[in-house]
Amino acid sequence: MSVSPKPPTYAWEFPDRIKATLSHWGRLVNAYTSYFQIYILGPILLYSIWWITSSAELVSPRLLPGPNETFHQLWMSVVYGDLLLDFWGTLKRTLYAFGIAAAFGIPIGVMLGASRKIYGSVEFVVDFFRSTPATAMFPLFLLLFGIGQEAQIAVAAFAALLIVLFSAAYGVINATKTRVLAARVMGANRWRVFKDVMVYESLPQTFVGLRTGISLALVVIIVAEMFIGSSNGLGRRIIDAQQVYDLREMYASIIATGVMGYSLNLLFIAIERRVVRWIH
Amino acid sequence: MSVIPKVHQQVPTVAPHANSAQPRSRSHITVRGLTKRFARRTLYQNFDLDLPQGRITTVFGPNGCGKSTLINMIAGLLPIDSGQILFDGKELRDITFGYVFQNYREALFPWMRARDNIAYPLRIRGASKAECNRRVEELAASFDIGFDLNLRPFNLSGGQQQLVSIMRALAPNPEVLFLDEPFSALDYEMTLFIRDRLQAIFMETGITMIVVSHDLEEAVFLADEVFLLSKPPTRVAKVIRVDPQRPRTDQTLSDPDFVATKAECLRVFQQEVRR
């Protein structure tokens with residue numbers, strides 16, 4: 001005896017009329033918007049909310065200046081003020097820290113990855129310090145390097161180094177087995193397999209590490225500028241503006257910091273696309 | 001159990017090659033007392049094998065009988081537990097051989113142009129740029145390829161990539177060419193094309209080829225001898241000679257001899273699967 005399957009019943013079904021209306025509007029939006037329009041929708045929305053909130057004084061204007069005033073302040077600080085000097089100071093320190101991290105992290109990471117035994121023996125240490133917030137090391141680095149930008153760069157470099165190192169090692173360890181075998185079967189010795197295959201295989205992962213590393217270096221540098229004696233830099237500028245309650249200046253400096261972080265990220269994605277073209 | 005290949009008398013259309021003075025059925029690869037265990041399973045126990053020189057040998061058998069494992073062990077990709085594998089009396093490290101992987105996507109180097117991939121085994125051997133270029137052009141001409149070798153692998157189709165893999169394996173003029181299911185990741189059109197090119201290369205060079213196959217028709221079509229393996233512990237169930245002359249074409253597929261040979265292979269295969 002066969003029972004014909006009953007159509008499944010749900011406690012509540014989405015009303016068909018609403019469903020039809022929604023999909024109708026969805027299709028209309030899709031038909032009349034391009035990717036670019038969708039892309040700028042977010043910023044426009046944020047700007048509108050910000051503008052409405054501040055001009056309707058939903059938040060005290062002492063805490064939230066309007067977007068136009070903030071961008072005007074940003075413009076004035078760039079053109080007539082010394083924001084660019086601070087910007088350059090922060091950028092320079094970030095790049096120094098990042099440079100140190102990359103110069104040591106990549107070769108050491110690749111070497112560690114190539115030897116399972118050495119990697120196994122240091123994995124815990126690397127992982128432990130990678131998981132320790134770099135900012136917890138400020139006092140230590142202050143003792144070691146004294147108050148000044150050397151300490152800031154050292155902490156940021158330390159934090160970024162561990163991430164770069166770990167990613168490079170990880171990339172080597174996860175190299176495609178077939179390619180390594182292919183090189184070996186063609187008669188490549190260990191050194192050739194390493195330099196012709198492993199290094200390239202680790203590149204995509206290394207780039208992920210480099211991108212994360214430079215973001216973290218920027219974070220640490222900004223915090224260090226705020227709390228470890230520093231006479232310039234965007235971190236210093238933000239905290240100074242906050243201390244004298246110049247909120248326009250504070251927001252403008254925050255935006256400048258964001259511009260730096262975002263640009264660095266874009267730059268790295270562009271480099272990555274060029275170098276590891278086989279991934280994309 | 002050792003298998004003594006029967007003497008092949010009918011080789012009129014096969015072009016002579018460097019070793020033509022020697023009897024053509026001479027054993028090239030000898031495997032003696034090969035044993036290989038995986039965890040709990042014994043795959044090969046005291047296994048003997050003789051693969052003929054200057055022939056295309058295809059290896060076919062039930063799932064899990066270790067076809068690929070066998071050529072991987074012979075090509076040194078997998079360690080053996082015990083036994084001896086000799087090539088004309090020489091060890092693996094003293095000969096030049098080529099190996100074509102099933103998965104070309106993971107076997108080619110995407111950071112090199114196709115031509116640099118092909119030249120890579122030559123570069124390892126310390127060949128100059130000019131020598132490499134000459135050899136690559138030579139291979140490109142004999143394969144009659146219709147694409148730009150300056151492209152990188154990810155800009156080539158699957159079939160073209162596998163063609164590049166085969167050219168790479170052939171670049172150092174190997175004595176033996178191993179192919180591990182070379183067509184299994186290709187579409188039918190490309191399979192036919194590469195199968196033809198392989199046969200042409202074989203007729204031109206007479207290089208010993210060992211092909212693992214999972215498709216019976218393909219195995220019989222390419223082969224001078226089909227080695228049918230049993231279920232583990234693996235033995236050679238039967239060696240079947242394939243007689244139709246080369247070059248074999250689409251017509252060969254309906255040739256009564258060919259059909260009969262294929263049927264015989266299938267019979268042995270079924271018998272082994274059911275055993």
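This passage describes strand pairing in chain B, a nonpolar surface patch in chain A, and backbone geometry in both chains. The model is predicted, and local features need pLDDT of at least 70, side-chain atom pairs count only at pLDDT 80 or more, and totals for chains, interfaces and linings use all residues. Residues are numbered from 1 along each chain as its sequence is written, chains are lettered from A and ligands numbered from 1 in the order in which they are written, and side-chain values use heavy atoms, with hydrogens and water left out.

Helices (DSSP runs of H or I, at least four residues) and strands (runs of E, at least two) are numbered from the N terminus. Two strands are taken as paired if DSSP finds at least two bridges between them. In chain B, strand β1 (residues 27-38) runs antiparallel to strand β2 (residues 41-52), and eight bridges join the two. Within this pair, Asp50(B) of β2(B) stands opposite Thr30(B). The hairpin of β1(B) and β2(B) has two residues between the strands, and Ala39(B) there takes a positive phi near 35 degrees. β1(B) also pairs with strand β4 (residues 82-87) of chain B, in the antiparallel sense and over five bridges. Here Ser82(B) in β4(B) is the bridge partner of Thr35(B).

In chain A, Tyr35(A), Phe36(A), Tyr39(A), Tyr262(A) and Leu266(A) make a nonpolar surface patch of about 660 Å². Patches are made of residues with over 30% relative accessible area and no salt bridge; like charges are joined within 9 Å, and nonpolar side chains (Val, Leu, Ile, Met, Phe, Trp, Tyr) within 5 Å. Accessible areas come from the Shrake-Rupley method with a 1.4 Å probe, and for residues only the protein chains shown count as cover. A salt bridge is a side-chain nitrogen of Lys or Arg within 4 Å of a carboxyl oxygen of Asp or Glu. Helices α2 (35-55) and α11 (247-275) of chain A each supply at least two residues of the patch, and α2(A) gives the most, with three. Tyr262(A) is found in α11 and counts as partly exposed because its relative accessibility is 48%; buried means under 20% relative accessible area, exposed over 50%, and partly exposed in between (1.4 Å probe, protein chains only).

Most residues other than glycine have a negative phi, and most peptide bonds are trans. Glu57(A), in the loop between α2 and α3 (67-79) of chain A, has a positive phi near 55 degrees and is exposed, at 54% relative accessibility. Tyr245(A) lies in the loop between α10 (234-243) and α11 of chain A; its phi is near 60 degrees, and it is partly exposed at 45%. In chain B, the peptide bond from Arg246(B) to Pro247(B) is cis, with omega near -5 degrees.
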